[in-house]
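Here are my notes on this one, as numbered points. Have the model open while you read them.

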Amino acid sequence: MPGDQPPFFDLETDAGILRTLVDGFPIAIGIATKDGVMRHLNHSFIAAFGYTLDDIPTFTDWYDKARPDSLNLMSPQEFWQRLGEESAANGGYSKPRMLDFTTREGRPVTIEQTVVFNGEVFLGFFNDVTKRMQEQQRESAQSAFRRAVIENAAQGVCACHAIDEHPFVRFTLWNPQM
């Protein structure tokens, strides 16, 4: 039939190629069965979080170790089930979500997690966004500080170049309560 294409990968013959691609990917990837058995963790996952398959043979093991303070949120089984339902409802993909995890060494990290689920296997992408989140928090705090200084100034605030600079520019920001 015109337009028919062979499958992108034949898992039986191309498994080695697929493993090489997953292992070489610069973002942490974990692969698990629908029953929560971890099947593979790529090199980036192990480097980022420190866990190996020996440490976390199941999703529940990882959830319990990496999110020990999350007992009040939901059980690993509930989380796993919701991930599958969400992925199925969105054409096999979960929406990216921010989650706080703990590395094997005890370092807290914030990750952006996206999951692909085909009904049998979960393919999870875990991007460590800890530094990005810290930078956003720092910028937000600096912005709030500047805004507070301007809004609470008893008189107008003037910021300008030195008079001998060319061109001479003067910016005046007035307290809106004046």
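1. Leu 18 sits in helix H1, residues 11-24 (helices here are DSSP runs of H or I with at least four residues, strands are runs of E with at least two, and both are numbered from the N terminus). Leu 18 is partly exposed, at a relative accessible area of 31% (buried means under 20% relative accessible area, exposed over 50%, and partly exposed in between, with a 1.4 Å probe and protein chains only). Together with Ile 17 and Leu 21, Leu 18 makes up a nonpolar surface patch with about 250 Å² of accessible area. For a patch, residues need over 30% relative accessible area and no salt bridge; like charges are joined within 9 Å, and nonpolar side chains (Val, Leu, Ile, Met, Phe, Trp, Tyr) within 5 Å. The areas are Shrake-Rupley values with a 1.4 Å probe, and for residues only the protein chains shown count as cover.

2. A word on the source: this is a predicted model, where local features need pLDDT of at least 70 and side-chain atom pairs count only at pLDDT 80 or more, while totals for chains, interfaces and linings use all residues. Residues are numbered from 1 along each chain as its sequence is written, and side-chain values use heavy atoms, with hydrogens and water left out.

3. For the overall layout, count 5 helices and 7 strands. Along the sequence the order is α-β-β-α-α-α-β-β-β-α-β-β. Of the 178 residues in the protein, 30% are buried.

4. Now look at strands E3 (residues 97-102) and E4 (residues 108-117), which run antiparallel and are joined by 6 bridges (strands pair if DSSP finds at least two bridges between them). The two form a hairpin with 5 residues between them, and Gly 106 in the turn has a positive phi of about 95 degrees. Which residue of E4 is the bridge partner of Leu 99? That is Ile 111. Ile 111 is buried, at a relative accessible area of 0%.

5. Glu 112 is opposite Asn 127 in E5. This hairpin has 3 residues between the strands, and here Gly 119 takes a positive phi near 100 degrees.

6. The whole structure holds 1 cavity of 30 Å³ or more. On a 1 Å grid over the protein atoms alone, a cavity is a set of points where a 1.4 Å probe fits but cannot get out, and lining residues have an atom within 4 Å of a point. The largest cavity has a volume of about 100 Å³, where volume is the space filled by probe spheres set on the points, and grid points are joined across faces, edges and corners. Its lining has 13 residues, and those nearest the centre are Gly 30, Phe 59, Trp 80, Gly 124 and Phe 126. Strand E1 (28-33), helix H3 (59-66), helix H4 (76-89), E4 and E5 each give two or more residues to this lining.

7. Last, the charged pairs. Side chains of opposite charge can pair when their charged atoms come close. The count here is 4 salt bridges, each a side-chain nitrogen of Lys or Arg within 4 Å of a carboxyl oxygen of Asp or Glu. One of them joins Lys 34 and Glu 120 (3.4 Å, N to O). Lys 34 lies in the loop between E1 and strand E2 (38-41) and Glu 120 in the loop between E4 and E5, so this pair ties together parts that are 86 residues apart in sequence. Lys 34 is partly exposed at 39% relative accessibility, and Glu 120 is partly exposed at 46%.

8. Another salt bridge has the side chains of Asp 55 and Arg 104 meeting at 3.4 Å, N to O. This pair links distant parts of the chain, with Asp 55 in the loop between helix H2 (43-49) and H3, and Arg 104 in the loop between E3 and E4, 49 residues apart. Is Asp 55 buried or exposed? Asp 55 counts as buried, at 14% relative accessibility.

Definitions and conventions:
On a 1 Å grid over the protein atoms alone, a cavity is a set of points where a 1.4 Å probe fits but cannot get out, and a pocket is an open set with protein on both sides within 12 Å along at least five of seven lines; lining residues have an atom within 4 Å of a point.
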